[in-house]
Amino acid sequence: MERVIGLVNKLQQICTSLGDNALSPQSILWSKLPTIVVVGGQSSGKSSVLEAVVGRDFLPRGTGIVTRRPLVLQLVKTDDPNAPDYGEFAHAPGRKITNFDAISKEIEEETERHLGKVGGAGKVVSPDPIYLTVYSTNVPNLTLVDMPGLTKVPIDGQPPSIVQELDDMARQYIKSDNAIILAVTPANADLATSDALRMARDVDPSGDRTLGVLTKVDIMDRGTDCRDVLLGKTLKLKHGWIAVVNRGQADLNSKVSMKDARAREREFFQSKPEYQDLKNTGTTFLADKLSAHLINEIMKSLPSIQSYIEGTILKLSKELTALGGDVSHSRGAMLHMTLQLCQKLERAFERIVDGGKDGGEKILDVFELKLKEAINKLPFQKILTLKNVQMVVNEADGYQPHIIAPENGYRRLIEDGLSLLRDPAFNAVELVHQILKAIVTLAVNTPECRDLARFFNLKSEIINHAASTLERLRKEADAMVRTLVDMEASYLSASFFREIVAAESYSYDPSRPRPAFYTLNGENLFEKRYDNLPPADAHLQKISDHVSAYLAIVKGQLLATVPKAIVHCMVVPAKGGLLTDLQEETAGKEEPQLRRLINESEEIAAERETIKKRLTLLQRASHEIAAVM
């Protein structure tokens, strides 16, 4: 069974290494361990009880708040009777202190290092514990947490907030279901006023986790005793009450030894008829009771502790994998990692472009809906009103009117219509450009590219180079689309107008097949009649209809060629070499430049080291538990 207590000591030492205690925002292990927490009012005799269990004077003494930080006291029973007793602090590992007066002084000095001197500018109390392990042949294997004494009223030099600070601190340590509350109460005071019992009732109203200790039994008022309390008649606790007699101030001044004090305690309880038949008296009984109770609680908790540790190990292992491995700083390894991350992003980018709604579908939506809709909404009708047609034709003819057909007027009207097509075509280029930029952001945040989050400089370089590549490709696509539109304005298809002229001439052969694609709003231009219009208006309307039909053909051609130009000049090259320039540039970098490029953020490096430390310690804890179970 001593191995079980030793196990808890080791697990609590692991908690110390983890920086894990009752007040940790995200306690890893501490809250799962059965722990005896000693609470009591100031001057309740709490420190004397602990010293009696240890058999040594080692705690600072004085008036007011003497214990200003929780003390996690781990007692380890040794086997060698010739070996000296000694203490060792977690903040000074390897330093074995055999002088217990020096241990008391070290507790005071460590408290002052952390808080400053009493009355100074620092805090009065702190929830951060001091860890002390005592090795001796005369102690039980046991772990106790000694809390600063509770108080109801601040004394001189104490801030008004001290009452609440002490109360909150103790409550944090005893609220866990795995905390065993050792409530120390002076027997010569009314139990109803006990600070320890008040606190215990708040967090453990049923008394299932509370063990009561009555001190100062020997100085109760004449004619009174605490027998009914010890029998559970006054206030019942599941684990009962234990009465002890500790050294008073006069005994301390007289340097009464622990051995003599224990002898006096036995003599007191054996000499009093009201206590002679009771077993739950004396420091020895208290130590044995605590040890047995702690062992029992530990044995009940071990399976759940082991299960919790294994689950936490699995969780931390996944987190560590997500953070990636350590970074090697050799040139070859850094170059390989950089190129590998570039290629991962390129593959993720290509996959999204070829994929669904976030990539390919959005680009297709530009071509099939937005471009077509923008072209169809163009105000061609303003150009082709009879008034505008007449004005353009007249201006185009100048002083020399046309003879048969107003060719210059046709050209001017068509050029005016083609100029409207430029904006929708160029806007389609920009829309696809923006979609590709958004896809880069999506690719950076895909699971396969998660390592980029570790390297801020490389991530920035990749994003900047990708943006630069896309901007260059946008300009190339823009130039190609501009060329397509300009081509239509540079050369008009004469065959269209020859057919019109032939249709209106007397030499037109009615048996000749009419070109069905020369239509306007579903009506074949060769069959449209203008008899209901005045001759002058009929002439202008024919010109308007002919230009409109020609523009409709050009619109259809651009709706087919603009998407091809954008895909050919921008989408396909982006898929095939988004980061080619960066990879070529990186291949020529020297080791210092590569180190700057993949300089991992300090936060991620620190997080990885923290997780690795936690994993190592929890794996050690798992092995320790497995050896006992």
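The largest cavity in this protein is lined by S48, E51, A52, R61, N246, R247, M258 and R262. Keep in mind as you look around that the model is predicted.

How big is that space? The volume of the largest cavity is about 40 Å³, and a search through the whole structure turns up 1 cavity of 30 Å³ or more. If you wonder how such gaps are found, rolling a probe the size of a water molecule over the atoms shows where empty space is left.

Which elements build the lining? Two of them, α2 and α8 (258-271), each give two or more residues to the lining of the largest cavity. Helix α2 supplies the largest share, 3 residues. Here is the make-up of that lining by class:

| Class of residue | Residues in the lining of the largest cavity |
|---|---|
| Nonpolar | 2 residues |
| Polar | 2 residues |

Spanning residues 46-54, α2 packs on helix α10 (residues 283-323) at an angle of about 80 degrees, and their axes lie 9 Å apart. Because angles of 65 to 115 degrees count as roughly perpendicular, α2 is described as roughly perpendicular to α10. On the α2 side the contact is made by V49, A52 and V53, and on the α10 side by T283, L286 and A287. Sorted by class, this contact of α2 with α10 has 5 nonpolar residues, 1 polar residue and no charged residues. A52 takes part in this contact and is also among the residues lining the largest cavity.

Next, a look at one serine, S622, which sits in helix α21 (residues 602-628). Is S622 buried or exposed? With a relative accessible area of 13%, S622 is buried, since buried means under 20%. Which residues does S622 touch, leaving aside its neighbours within four places in sequence? They are Q306, I309 and I313. S622 and S307 are 315 residues apart in sequence, yet 9.2 Å apart in space from C-alpha to C-alpha.

Finally, the protein as a whole. There are 21 helices and 10 strands. Of its 629 residues, 47% count as buried. Among contacts with a separation of 6 or more, 79% are between residues 24 or more positions apart.

Methods: Residues are numbered from 1 along each chain as its sequence is written. This is a predicted model: local features need pLDDT of at least 70, side-chain atom pairs count only at pLDDT 80 or more; totals for chains, interfaces and linings use all residues. Side-chain values use heavy atoms; hydrogens and water are left out. Axes are lines fitted to C-alpha atoms, for helices over the stretch in contact, and angles run from 0 to 180 degrees between N-to-C directions. Helices (H or I, at least four residues) and strands (E, at least two) are DSSP runs, numbered from the N terminus. Angles under 35 degrees count as roughly parallel, over 145 as roughly antiparallel, 65 to 115 as roughly perpendicular and the rest as oblique. Contact means heavy atoms within 4.5 Å. Ala, Val, Leu, Ile, Met, Phe, Trp, Tyr, Cys and Pro count as nonpolar, Asp, Glu, Lys and Arg as charged, and the others, Gly among them, as polar. On a 1 Å grid over the protein atoms alone, a cavity is a set of points where a 1.4 Å probe fits but cannot get out, and a pocket is an open set with protein on both sides within 12 Å along at least five of seven lines; lining residues have an atom within 4 Å of a point. Grid points are joined across faces, edges and corners, and a volume is the space filled by probe spheres set on the points. Buried means under 20% relative accessible area, exposed over 50%, partly exposed in between (1.4 Å probe, protein chains only).
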